[in-house]
Amino acid sequence: MKPSRILVVDDEDHIRAAVGRALDARGYLVEQASDGDAALTVASTFEPDLVVLDLNMPVLNGLEFTRILRTRSSVPILVLSVREDATDKVAALDLGADDYLTKPFSIDELMARVRALLRRASATGPRSLQFASDDVVIDLDAHLVTRAGDEVRLTRTEWNLLEALSEHPGKLLTHRWLLERVWGEGYADDVEVLRVFISQLRRKIEKEPGRPKIIGTDPGVGYRWLLRPAGEEPVS
């Protein structure tokens with residue numbers, strides 16, 4: 001099996017080198033770039049399986065790089081940035097980034113995110129439509145949720161929200177994306193509606209709604225489906 005190719009883009013030499021060394025030590029093929037403009041050139045020839053991307057860069061910043069790359073490729077993008085403002089996370093994710101880590105970060109967490117993104121990108125064949133957590137079984141194909149063997153009744157909107165989340169295991173989905181997907185463009189900014197329905201859904205499918213194991217939250221940004229399809233490893 002060929003090693004995955006990863007492009008690391010960061011204008012800070014020590015971070016770029018540290019991330020590159022960590023990836024190389026784990027058997028990945030690594031190329032590096034110090035700004036977005038150079039990264040576009042490298043990406044066109046290297047054809048990475050994943051891009052690890054800083055946002056604050058000269059010449060062409062990470063947001064603009066993401067916008068341009070998304071017109072050419074669907075390669076997963078993992079953003080690394082010192083920007084903690086939710087606005088920046090939302091902007092990157094809405095432009096097409098797949099996940100976001102705030103600096104400083106641990107190498108172990110970075111590698112877990114890398115593995116999860118590569119695993120999702122390489123998935124082939126029919127996707128399993130069943131998920132399980134504790135005594136809850138979610139069977140999307142059968143349009144059925146059970147808890148300890150008893151059917152859990154979901155409204156149409158709750159089902160649509162559950163399906164939208166579960167289509168992208170591990171991926172951070174923004175409030176806007178979920179609202180437009182489930183309710184339509186007219187609801188794109190109505191985050192409170194989404195929060196109410198997430199709360200309702202958690203009460204029905206989570207063993208402990210206050211400590212969710214199925215639907216995770218990134219405060220101010222969005223939600224993440226934490227389960228892998230039946231038979232696969234949990235999302236890191």
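Reply: Happy to! Let's start with Glu151: its relative accessibility is 45%, so it counts as partly exposed. Keep in mind that this is a predicted model. The partner of Glu151 is Arg153, and the closest N and O atoms of this salt bridge are 3.6 Å apart. Arg153 has a relative accessible area of 64%, so it is exposed.

Now set that beside another pair, Asp189 and Arg176, which form a salt bridge with their closest N and O atoms 2.7 Å apart. These two link distant parts of the chain, 13 residues apart: Asp189 sits in the loop between H7 and H8, while Arg176 belongs to helix H7. With a relative accessible area of 62%, Asp189 is exposed, whereas Arg176, at 35%, is partly exposed.

For a contrast, turn to Lys103 and Asp54, whose side chains meet in a salt bridge at 3.3 Å, N to O. Here 49 residues separate the partners, with Lys103 in the loop between strand E5 and helix H5 and Asp54 in strand E3. Buried means under 20% relative accessible area. Lys103 has 9%, so it is buried, and Asp54 is buried too, because its relative accessibility is 3%. Lys103 and Asp54 also belong to a network of salt bridges that includes Asp10 and Glu12.

To put these pairs in context, the structure holds 20 salt bridges.

Definitions and conventions: Residues are numbered from 1 along each chain as its sequence is written. This is a predicted model: local features need pLDDT of at least 70, side-chain atom pairs count only at pLDDT 80 or more; totals for chains, interfaces and linings use all residues. Side-chain values use heavy atoms; hydrogens and water are left out. A salt bridge is a side-chain nitrogen of Lys or Arg within 4 Å of a carboxyl oxygen of Asp or Glu. Helices (H or I, at least four residues) and strands (E, at least two) are DSSP runs, numbered from the N terminus. Buried means under 20% relative accessible area, exposed over 50%, partly exposed in between (1.4 Å probe, protein chains only).
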